[in-house]
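Have the structure open while you read.

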Amino acid sequence: MPRSRKSTGSALATGAEAQVLAARLMSMQADAGLTIAMRMPLLMKGAFGDSRGQREATKAVMEKASAVFESSLAAMQATTAFWWGLALHPPGQFDLATAAVKVADSTLEPFARRTRANAARLSGYRR
């Protein structure tokens, strides 16, 4: 019986972590939509020579490149921790679902952080 409680508790914890990850993903999608809506007029102005719009375009490209790089490093680190955890724990003692959620979360974090910051920054532009 104690084993089933541990499994149930672990499953509940994993489910909660997965729900938090899904909520973060939905929030990131909302922030991305806001960022795109606020950034498009600036990018259009930049296409016609406006220096502020051109800076925004450069910033967008640089942010994406740095987010991809940072996300790759985070994914590599989380995946390495995953495999070490799997190798160092006895069979049945390692929670694969929780580890997978951690890998996904650490991979999304650089994008989520930038998307949140951009939505907050751009929503204040309103000119």
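Predicted model: local features only at pLDDT ≥ 70, side-chain atom pairs only at ≥ 80, totals over all residues.

Numbering runs from 1 along each chain as its sequence is written, and side-chain values use heavy atoms, with hydrogens and water left out.

**Salt bridges**

- Searching the whole structure turns up nine salt bridges (a side-chain nitrogen of Lys or Arg within 4 Å of a carboxyl oxygen of Asp or Glu).
- One of them pairs D105 with R24, at 2.1 Å from N to O. D105 sits in helix α3 and R24 in helix α1 (residues 2-47), so this pair links distant parts of the chain, 81 residues apart.
- E70 is partly exposed, at 28% relative accessibility.
- R113 and E109 form a salt bridge at 3.4 Å, N to O. These two are four residues apart in helix α3, so about one helical turn separates R113 from E109. R113 is partly exposed at 33% relative accessibility, and E109 is partly exposed at 23%.
- Through shared partners, salt bridges join R24, E70, D105, E109, R113, R114 and R116 into one network.

**T115**

- T115 is in helix α3 (residues 96-123); helices here are DSSP runs of H or I with at least four residues, numbered from the N terminus.
- Is T115 buried or exposed? T115 counts as buried, because its relative accessibility is 15%.
- Leaving out neighbours within four places in sequence, T115 is in contact with M28, D31, A32 and T35 (contact means heavy atoms within 4.5 Å).

**Pocket and cavity**

- Rolling a probe the size of a water molecule over the atoms shows where empty space is left. On a 1 Å grid over the protein atoms alone, a cavity is a set of points where a 1.4 Å probe fits but cannot get out, while a pocket is an open set with protein on both sides within 12 Å along at least five of seven lines; lining residues have an atom within 4 Å of a point.
- The largest pocket holds about 230 Å³ of space (the volume filled by probe spheres set on the grid points, which are joined across faces, edges and corners).
- Lining the largest pocket are A32, T35, I36, R39, E63, K64, A67, F111, R114, T115 and N118, and the elements giving two or more residues to that lining are α1, α2 and α3.
- By class, the pocket lining has four nonpolar, three polar and four charged residues (Ala, Val, Leu, Ile, Met, Phe, Trp, Tyr, Cys and Pro are nonpolar, Asp, Glu, Lys and Arg charged, and the others, Gly among them, polar).
- There is one cavity of 30 Å³ or more in the whole structure, and the largest cavity has about 30 Å³ of space.
- L21, R24, L25, M28, D105, L108 and A112 line the largest cavity. Helix α1 gives the most to this lining, with four residues.
- The cavity lining divides into five nonpolar, no polar and two charged residues.

Methods. Buried < 20%, exposed > 50% of the residue type's maximum accessible area, 1.4 Å probe, protein only.
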